[in-house]
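Dear colleague,

I am passing on the structure we spoke about, with the sequence alongside, and below it you will find my notes on what came out of the analysis. Please read them with the model open.

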Amino acid sequence: MPAMPRKVSERQVQQASLAVKRMLAKALREWIEANELTQIEAAERLRMGRARVSHIQNGQLARISVNALMEYVWRTGAEIKVTFRNG
């Protein structure tokens, strides 16, 4: 018999979402650094505003969705792999 789903709080979901955002933002920061791009150059290549690049670099992720960050990472040519663990 399959295990019963556990109850998950809104706070837990928000924390998990923030963790995913941080991982995606880190990938973007590393790509920008590896390519020695200015914020303006990164913004042009990723088709976003320079202010958004600044927010990503400074960890200001509250107004940026997971979907948007995933799209930006894909625009770098990276592949996103997701792994789930029970527990």
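**Notes on the model**

With a relative accessibility of 71%, Glu36 counts as exposed. Its place is in the loop between H1 and H2, and although Glu36 is not a glycine, its phi is positive, at about 50 degrees. Please keep in mind throughout that this is a predicted model.

A second residue shows a positive phi as well: Arg47, likewise a residue other than glycine, has a phi near 55 degrees. Arg47 lies in the loop between H2 and H3, and with a relative accessible area of 59% Arg47 is exposed. As background to both cases, most residues other than glycine have a negative phi.

Turning to the fold as a whole, the protein has four helices and zero strands, so that the pattern read along the sequence is α-α-α-α, as the definition of these elements by DSSP runs gives it. The C-alpha trace spans about 55 × 25 × 15 Å along its principal axes, and the radius of gyration is 16 Å, whereas a compact globule of 87 residues would have one near 12 Å. Buried residues make up 24% of the 87 residues. Of the contacts between residues at least 6 apart in sequence, 51% join residues that are at least 24 apart.

What does the largest nonpolar core consist of, and which residues have the most contacts inside it? The core has 18 residues, and those with the most contacts inside it are Leu28, Met48, Ile56, Leu69 and Tyr72. Two or more residues are given to this core by each of helix H1 (10-34), helix H2 (39-46), helix H3 (50-57) and helix H4 (66-75), and the largest share, five residues, comes from H1. For Leu69, once its neighbours within four places in sequence are left aside, the residues in contact are Lys21, Leu24, Leu28, Ile56 and Ile64, and two of the names on that list, Leu28 and Ile56, are also among the residues with the most contacts inside the core.

Gln15 and Ala51 are 36 residues apart along the chain, and their C-alpha atoms are separated by 24 Å.

With best wishes

Technical notes: Residues numbered from 1 in each chain as written. Predicted model: local features only at pLDDT ≥ 70, side-chain atom pairs only at ≥ 80, totals over all residues. Heavy atoms only, no water. Rg over C-alpha atoms; globule rule 2.2 N^0.38 Å. Buried < 20%, exposed > 50% of the residue type's maximum accessible area, 1.4 Å probe, protein only. Contact = heavy atoms within 4.5 Å. Core = buried A, V, L, I, M, F, W, Y, C linked by side-chain atoms within 4.5 Å.
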